[in-house]
Amino acid sequence: MSGSLDSYLVLSGLLFAIGTFGFLARRNAISMLMSIELMLNAANLTIVAFGAFVKPLQTHAAVIALIVIAVAAAEATVGLAIVIAIYRNKKTPLVDEYDSMSE
Amino acid sequence: MNALLPLIPLLPLGGFLLTALLGRRYPDDAHRIAIWAVVASWLVASLVALMTLVHIAPFGPQGSGITLWSWIPAIGFRADMGLFADPLTACLLIVVTTIGMLVHVYSIGYMAHDPGRWRFFAYLNLFMFSMLLLVLADNFLLVFAGWELVGLCSYLLIGFWYPRRSAAVAAKKAFLVNRVGDMGFALGIMAIWTQLGTLNMQSVFAKFGAVPHEWQIAIALLLLCGAVGKSAQFPLHVWLPDAMEGPTPVSALIHAATMVNAGVYLVARCNPIFGTASEVMVVVAAIGIFTAIMAASIAFTQTDIKRVLAYSTLSQLGYMFAALGVGAWTAAIFHLMSHGFFKGLLFLDSGSVIHSVGGEQDMRKMGGLARKIPTTYATMLIGSIAIAGVPPLAGFFSKDEILGGAFKNGFLWVWAIGFVVAGMTAFYMFRLMGMTFWGPSHVDPEVEHHVHESPRSMTGPLIVLAIPAVLLGLAIGFPPETGLLHQWLAPVFEHTIAASGRTEAAYTFFGIDGTLAIGTTALVAIAIVLAWRLFGVEIPALGLRSQPRPDQVRALSARRTMALLYKGSSNKWWFDDINNKVFVEWGGKLAAAAFWFDQTVIDGTVNGIGTVTAGAGMALRRVQTGRVQNYALGIALGLIVMAAGYLVISVTVR
């Protein structure tokens, strides 16, 4: 294995920060979903990095990462389905416009 | 035979239900049911009373009861639906059912033209049921039920002509004033329960000696409070004169002969309680004798014929309380019975007078009626002589026993006041007779030629009632203090009298008793003659004839010392004004203040909490934007804060 654990963690931290920023700042529902994927993958990267560098965690990390991938896939499916359903009603992907439940 | 007891109250109850159900459909005939129900009840009650008094088993001097069913069988609390009859009950039964029946008969004529006649008779039957329940009940809770029911009937009947405002107001007044007394009674019953754990009268009396003395006094005072309310004693007497707004048969039955006696009955029934709490006895005597003289003084100047009789009733009830207070128990019941008959008679007579002069109640617009309504006149004269205490009529014996009892039991002050009241009674009764029946006529000429004797259904009861008014004293009160009534009631009162330590001295005609009787009779005679001189008399058979002298009356009442008395008397000693000031005006202000406090402080606090909460909600609502990203920002910021905090702590701790 090349490099150290730190570089992986820094990378995943950066990815997570980008995802968070995207989720908070973007108004487009599709972009927000993509940002969520980014955050999930940053977390996943951390997990596998720990699995690679800490021997006793190797199998656990692989299993957890697989579960996260499965959850992320399911989440993306449901999320996209919702976005498409709303888009058909509202004719817009911008979440600001989804305000029919506010006053 | 004990099964006869429930029949007595149930017959009028059935009569009430049937009359009330059928009255609307048969308004002209429904009252017959009510009358026959009361007649039947009278028959049964007479039988029971007779069996009790002459000791035919199962009835007898020790009393006999029947428990119908367990009324309130709660855990740790038990009240039975039970009836009980002993000689005291028997005496009350005689008075209540006899006068009740006669009043029913009388009302046929008196209420003949009233469209609400069936309603009137239904109420009367309900009243009979309630009163008989009160008299027959064997536990305090049942007595209280009857007590409240008679109060309700009194309210309904005073306000019988409810479209008349004064009647509605008087009914309300009677109800409210009675509530004050009833609350005392209710508290007394609760006190008995807490101390003894039973409400059955006989077991309460048997165990009462074991109660701590301060509780004995408290219970006696609370029961007295109830009795004072129902029997219209000072200071709760104000409702009775106003109760005269009801139809006159009601005044006779409820407000003279029966219901107002309930207080006297209660105290007499509870004689073991009052006998143990001897301090309260003095209070009873003081209240009674004060009411007697106060009411008699008011009766001097009233001009409404029924109000004179109402104040007379107060005064005579005061006598009974005084008798109870001095320990002359039998004398009190004796006076209750004789007063029931002659005051019932007088009220029915006054009703007959009012009926004959077309509804006029003001005695100043009467006069000279003696020849026009002879039966009414004759019976009312008998009633007046009886209440005045002229021997050998009923009132003489009973009043004499009260005064003698007060004197011999050491209550000289009670005797002295009672002695004066005896003279006052004779005076105001003959003032009433003079103004109503003798002298020149002041009847409205319009009404004058319509004046007629009442129908036979009205004069019949008058004649029947006149008989006990004359003979009752001789029949059951003679010879004095050893007569029939004393033999009958001895088992009821003997324990209390024995416990009081007073030995009843034998009646000595050539001694103290005879002297007292002659003294009272002399005073009564003087008072009657005085009334004749001032208000006239016209009894040709005795050669008595004198014209009223209104100028002398006026001159007398204008004298300086008399003027004040006159003013006090005619203003009923300002009791109504005091009550009005204290309870209506000041009480009203207090209520207004309480209302303000409730509205601003109590409701203000509650509403304030509501307003603040709602306002806070309105303000905080802005936080809820509905945008997921805003929430997510919160989560992210929170996460950053927590992570930073963790770092800072882990660095500094290490």
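Trainee: Is A:L11 buried, exposed or partly exposed?
Mentor: Partly exposed, because A:L11 has 14 C-beta neighbours inside 10 Å. Buried takes 20 or more other C-beta atoms within 10 Å, exposed takes 12 or fewer, and partly exposed lies in between, with C-beta atoms placed from the backbone.

Trainee: Which helix is A:L11 in?
Mentor: Helix 1 of chain A. Helices here are DSSP runs of H or I with at least four residues, strands are E runs of at least two, and both are numbered from the N terminus.

Trainee: How far is A:L11 from A:F50?
Mentor: They are 39 residues apart in sequence and 13 Å apart in space, C-alpha to C-alpha.

Trainee: Before going on, what are the ground rules?
Mentor: This is a predicted model, where local features need pLDDT of at least 70, side-chain atom pairs count only at pLDDT 80 or more, and totals for chains, interfaces and linings use all residues. Residues are numbered from 1 along each chain as its sequence is written, while chains are lettered from A and ligands numbered from 1 in the order in which they are written.

Trainee: What's in chain A overall?
Mentor: Three helices and zero strands. Chain A is more spread out than a compact globule, because its radius of gyration is 17 Å, well over the 13 Å from the globule rule for 103 residues. That radius is taken over C-alpha atoms, and the rule is 2.2 Å times the number of residues to the power 0.38. The C-alpha trace of chain A spans about 55 × 25 × 20 Å along its principal axes. Buried residues make up 15% of chain A.

Trainee: And how much of chain B is buried?
Mentor: 51% of its 654 residues. Chain B has 26 helices and four strands. Its C-alpha atoms fill a box of roughly 130 × 60 × 60 Å along the principal axes.

Trainee: How many residues does each chain give to the contact between them?
Mentor: Seven from chain A and seven from chain B. Contact means C-beta atoms, placed from the backbone, within 7 Å. The chain A side has four nonpolar, two polar and one charged. Nonpolar covers Ala, Val, Leu, Ile, Met, Phe, Trp, Tyr, Cys and Pro; charged covers Asp, Glu, Lys and Arg; the others, Gly among them, are polar.

Trainee: Which residues of helix 1 of chain A meet helix 26 of chain B?
Mentor: A:T20, A:F23 and A:L24. Across from them are B:Q629, B:A632, B:L633 and B:A636.

Trainee: At what angle do the two helices cross?
Mentor: Roughly 145°, and the axes come within 8 Å. Axes are lines fitted to C-alpha atoms, for helices over the stretch in contact, with angles from 0 to 180 degrees between N-to-C directions.

Trainee: New topic. Which residues touch the most other members of the largest nonpolar core?
Mentor: B:A322, B:A332 and B:A469, out of 209 residues. Helix 4 of chain B gives the most to this core, with 16 residues. A nonpolar core is a set of buried Ala, Val, Leu, Ile, Met, Phe, Trp, Tyr and Cys residues joined through C-beta atoms within 7 Å.

Trainee: What does B:A322 touch?
Mentor: Leaving out residues up to four places away in sequence, its partners include B:A285, B:G288, B:I402 and B:V414.

Trainee: Last one: what follows helix 8 of chain B?
Mentor: B:A232, with a positive phi near 55°.

Notes
Two residues are in contact if their C-beta atoms, placed from the backbone, lie within 7 Å.
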